[in-house]
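Please look at the sequence and the model together while reading this report.

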Amino acid sequence: MNKQELADKLCEKFSDVPKAKMVEIIEGMLAVITETIKGGGEVALAGFGAFMAKTRKGRMGINPQTKAPIEIKPVTVPKFKAGKTLKDALRAA
């Protein structure tokens, strides 16, 4: 499901909200989540899950073509931890 399809589904549930406004709401929500985790915060949606950023440690790796050692630098990546309600819903499916 892409953003447009999500907006369509949400418009079915909230018929008083036009699709263009729903897309704007979705984009706004994603922007707030991105800004929050980029700043080191966490966005927790009760029952659904939590969005956060984690930093992977730097390490030594090996170039598979030359077998030469290379340094892999630390990197910050997004992480999602599913909530209990979401996990239970998927298990029941």
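Predicted model: local features only at pLDDT ≥ 70, side-chain atom pairs only at ≥ 80, totals over all residues.

Leu-45 lies in strand β1, which runs over residues 43-45.

In soluble globular proteins, nonpolar side chains tend to be buried together. Here the largest nonpolar core consists of five residues, namely Ala-7, Cys-11, Met-22, Val-23 and Ile-26. Helices α1 (3-13) and α2 (19-38) each contribute at least two residues to this core, and the largest share, three residues, is supplied by α2.

Leaving aside residues up to four places away in sequence, Ala-7 touches Lys-19, Met-22, Val-23 and Ile-26.

## The whole chain

The protein contains three helices and five strands, which follow one another along the sequence in the pattern α-α-β-β-β-β-β-α. Its radius of gyration is 19 Å, well over the 12 Å that the globule rule gives for 93 residues, so the protein is more spread out than a compact globule. The C-alpha trace spans about 60 × 35 × 30 Å along its principal axes.

Of the 93 residues, 15% count as buried. The accessible surface of the protein comes to about 7,500 Å², and 60% of that surface belongs to carbon and sulfur atoms.

Technical notes: Residues numbered from 1 in each chain as written. Heavy atoms only, no water. Helix = DSSP H or I, 4+ residues; strand = E, 2+ residues; numbered from the N terminus. Core = buried A, V, L, I, M, F, W, Y, C linked by side-chain atoms within 4.5 Å. Buried < 20%, exposed > 50% of the residue type's maximum accessible area, 1.4 Å probe, protein only. Contact = heavy atoms within 4.5 Å. Rg over C-alpha atoms; globule rule 2.2 N^0.38 Å. Areas by Shrake-Rupley, 256 points an atom, 1.4 Å probe, with all protein chains shown as cover.
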